[in-house]
Amino acid sequence: MINIDNKFVTDFINDHISDIEACGTTFDYSSESSLGINGQKFLIKLQGVRRNIIYMTKEKMIKFVTDMKKEEVEKFVNDKITMNEMIKFAEEELKNDEVKNELKKEDIDKFKNGKITDENEMKEFVKNIIKINPYVLYWFAYTLYSLKKPKNVNFQKKGSDYIEFIEQLNKRYYIKISTKIQKNFEQLKEFALKKFNKIYLLNFNGVYKKIEKMFNYDTFCKERKSTSSDKIINLAYQFVKDSNLLCCPYCNRAFIETINENKIRTAELDHYFPQSIYPFFAISPWNLIPSCPKCNHVKRDPDTIKTPHLYPYELADSRALFFVPVRNDKESENNDLQFDFSNPKYFDIKIKIFQKELLNEAKNSKKIFHLEQLYQNNKKTVSIIYELLRFKGEDFLREVAQYFTHNPTKKNKIQAKLKEFINIKNEMLLPYGKDGILGKLSQDIQDYCTDPFIRIFLTYFC
Ligand SMILES: [Zn+2]
């Protein structure tokens, strides 16, 4: 609903770059011998990908998710990919510098000259690409991560763990494992090794725990010693404080305070792209929106990629949503443009969408945060603004001064007093400024009441 000046995020990243990175645990890979050489390599690579992910802007986050090429990988692991599709996939991936640099030059040449005609050879070539592409690599990590399995899976025994593991595999990896394979562990192991390029069976629990630590939001919120100074830091608290926000950007109805007196009291941080669906954006500053607890919890994790709502870091001077009082008293003789809004009983507050390019986001914000329902409790504010606006203008001042006295010297004095009153009144209209509590409502209602163009447009065209 209201814009957050986004410059602070860039400054925050610059100021705390080493602390943000350290909150994902920098591993000493040589001591991770239990993960095996493949496990270590996998995590080293992932650590590099993680760095890029943390600093992604919204646009890049969206691109990242859509670029994960989930479908292609799924098809590949399911052996459902045709020779033509493999060629297309490889051609597309070879545009990526990282992939190009890591493959053998002679293999690339062979591919480019159309000399890989054998299906298995082509498969091997594509498989190598998948291993290199950080997005695809991350997709493996992501599926591993979403396969929430904190317990150790005992592969040797067919207990309940084992059955659950098979079920998860079937569900998460969209693989139908035949009953025959399910019954035979050795066959299953062979199958998994083939499908997942050995990544899968690297000490499952160990790798899982490391990935979880890399993107753990709790470490972002924890009080600890800074890596760059002697100070004790709490990144979440610092983030809210640096934002200088006065109130919740989603509802504009709740104050945001940061108080640190023995115990920290601060706003919550909403994950624009929810943690439950996109765990890898859990500690990305561009994904964190300081907000009130109610707005943070009301979201119930809709997938923001599919159902985007207004993104407060990119809403400068936005008129996406516009508060309008709409009469509910149809009996009245007054026409809509002259309607008197001094009595809350005779109107409702509606939220109209002014800026068509944000139509979808605005509609979703309105719905997700129940804005229209919430603001019915602020009708009195609208009436007060309406009344205050009536006492405006030089003509009005002259008229009142006239009313009180015919003595011209006194008239000037009364006029000056009234001007003073008007200045106080203007302050009353926006007591906390336009970014403060109810600032958006106050501003919109004032514009609605004073600008005939806006009023006509909103009444008849929105
Ligand atoms: Zn809120």
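**Figure 1. Overview of the chain.** The chain has 23 helices and eight strands; helices (H or I, at least four residues) and strands (E, at least two) are DSSP runs, numbered from the N terminus. The model is predicted: local features need pLDDT of at least 70, side-chain atom pairs count only at pLDDT 80 or more, and totals for chains, interfaces and linings use all residues. Residues are numbered from 1 along each chain as its sequence is written. Of the 462 residues in the chain, 27% are buried. A residue is buried if 20 or more other C-beta atoms lie within 10 Å of its own, exposed if 12 or fewer, and partly exposed in between, with C-beta atoms placed from the backbone. Two residues are in contact if their C-beta atoms, placed in this way, lie within 7 Å. Among contacts between residues at least 6 apart in sequence, 70% join residues at least 24 apart.

**Figure 2. Helix 1 (residues 7-22) and helix 15 (residues 235-243).** The axes of the two helices come within 10 Å and cross at roughly 160 degrees, which makes helix 1 roughly antiparallel to helix 15. Axes are lines fitted to C-alpha atoms, for helices over the stretch in contact, and angles run from 0 to 180 degrees between N-to-C directions. Angles under 35 degrees count as roughly parallel, over 145 as roughly antiparallel, 65 to 115 as roughly perpendicular and the rest as oblique. Phe8, Asp11, Phe12, His16, Asp19 and Ile20 of helix 1 meet Leu235, Phe239, Asp242 and Ser243 of helix 15.

**Figure 3. The loop that holds threonine 82.** Threonine 82 lies between helix 4 (70-77) and helix 5 (83-93). Because threonine 82 has 10 C-beta neighbours inside 10 Å, this residue counts as exposed. The C-alpha atom of threonine 82 is separated by 8.9 Å from that of glutamate 119, although the two residues are 37 residues apart along the chain.

**Figure 4. Helix 17 (residues 359-368) and its buried residues.** Glu361, Ala362, Ser365 and Lys366 are buried in helix 17. They cover an arc of only 135 degrees around the axis, which puts them on the same side of helix 17; the arc is that of the directions from the helix axis to the C-beta atoms. The buried residues of this helix pack against strand 7 (321-327), strand 8 (347-353) and helix 18 (371-375). Histidine 370, which follows helix 17, has a positive phi, near 50 degrees.

**Figure 5. Buried residues of helix 22.** In helix 22, the buried residues are Lys440, Leu441, Ser442, Asp444, Ile445 and Tyr448.
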